[in-house]
Amino acid sequence: MLRPLAWPVLLAAVLSLVAALPLAAAEDVVRMEFEGFGPAGLHVLDTHTVIAEDSSQYEIQGDFSTTGLASLVASVANRSMTRGRTVGDKPRPVSFDSETDRNGVVQHLRVDYKPDGTPSGSANPPPKEPVTPVSFTQLGGTVDNLTAYLLLEKQVARGAGCGLRVPVFDGRHRYDLLFSDGGLQLLSPAAGQNFSGQTHVCRMTRSEIGGFYVDKSHEEGARAGTIWYAALLPHGDIAVPVRMEMETEIGKVTLFLARLHGPGVSLKLMD
């Protein structure tokens with residue numbers, strides 16, 4: 001649901017969050033680790049996600065970082081966290097924090113949500129170059145990007161397919177994530193990942209609305225991609241992304257699920 005040269009390695013820090021997550025015991029937390037590869041099979045990205053939920057609340061921690069030669073193109077490190085409540089069967093964010101170090105320039109994004117869901121966001125420091133405008137009228141019904149992917153994962157797990165449009169606001173960027181259904185596909189082991197099985201294919205495109213640089217040479221984040229989801233958790237309430245192909249600021253990256261730990265499951269899919 002996307003860190004390095006200018007950032008310390010965060011794996012140990014992310015895993016240590018399991019003990020601090022207030023919603024569930026450690027054995028109820030879902031942890032996912034991914035390895036990303038670019039052209040010629042070069043290792044270019046690492047990313048981790050930690051999800052904790054109970055019947056009324058959820059918390060998601062995520063991080064990613066460029067590595068190897070990719071850091072020479074764009075050294076990007078991010079860590080994000082969202083906390084929210086569950087209303088019916090839908091996650092609704094309460095607060096969102098994200099900090100990104102992009103080529104030595106650090107920006108902190110924050111969003112707080114009123115009880116009716118109205119967001120109040122900030123970017124500190126503000127962008128030094130012109131960005132496209134965002135108006136208050138465009139913020140209604142928005143969620144953070146971590147919650148957006150959780151909404152998709154729950155929908156796919158229910159067997160409802162990928163068709164979904166999620167309005168997103170992260171404190172600076174306003175965009176829609178458009179998900180479409182790609183049907184079922186049987187995957188075989190590839191690129192060192194030992195996974196084979198049935199997956200549900202979701203395609204993603206990002207429709208930019210505001211908060212992005214006017215100068216289009218400053219790409220940020222993933223603008224399009226394909227995600228292969230599998231039913232790997234025994235409880236079946238979240239579909240797990242086992243592979244992802246993303247169009248990013250460092251080019252096309254294919255991410256493979258390397259490790260999955262959660263209730264009743266512990267998988268090591270890559271050495």
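Select Arg 172 and Glu 220 to begin: their side chains meet in a salt bridge at 3.0 Å, N to O (a salt bridge is a side-chain nitrogen of Lys or Arg within 4 Å of a carboxyl oxygen of Asp or Glu). The model is predicted, with local features requiring pLDDT of at least 70, side-chain atom pairs counting only at pLDDT 80 or more, and totals for chains, interfaces and linings using all residues. Residues are numbered from 1 along each chain as its sequence is written, and side-chain values use heavy atoms, with hydrogens and water left out.

Remain with this first pair. Arg 172 belongs to the loop between β8 (164-169) and β9, whereas Glu 220 belongs to the loop between β10 (197-210) and β11 (224-230), 48 residues apart; helices (H or I, at least four residues) and strands (E, at least two) are DSSP runs, numbered from the N terminus. Both Arg 172 and Glu 220 are buried (buried means under 20% relative accessible area, exposed over 50%, partly exposed in between, with a 1.4 Å probe and protein chains only).

Next, display the salt bridges, of which the whole structure holds 14. One of them joins Glu 99 to Arg 79, with the closest N and O atoms 3.7 Å apart. Glu 99 lies in strand β5 (residues 90-102) and Arg 79 in strand β4 (residues 76-87), so the pair ties together parts 20 residues apart in sequence. Glu 99 counts as partly exposed at 25% relative accessibility, and Arg 79 counts as partly exposed at 42%. Then select Asp 97, Arg 110 and Asp 112, which are linked in a network of salt bridges.

Finally, turn to the aromatic pairs, 3 in the structure. Rings of Phe, Tyr and Trp (its six-membered ring) pair if their centres lie within 6.5 Å; planes under 30 degrees apart count as stacked, over 60 as edge-to-face and the rest as tilted. Phe 37 and Phe 256 have ring centres 6.0 Å apart and planes at 65°, so this pair is edge-to-face. Both Phe 37 and Phe 256 are buried. Tyr 149 and Phe 179, with centres 5.5 Å apart and planes at 75°, are also edge-to-face.
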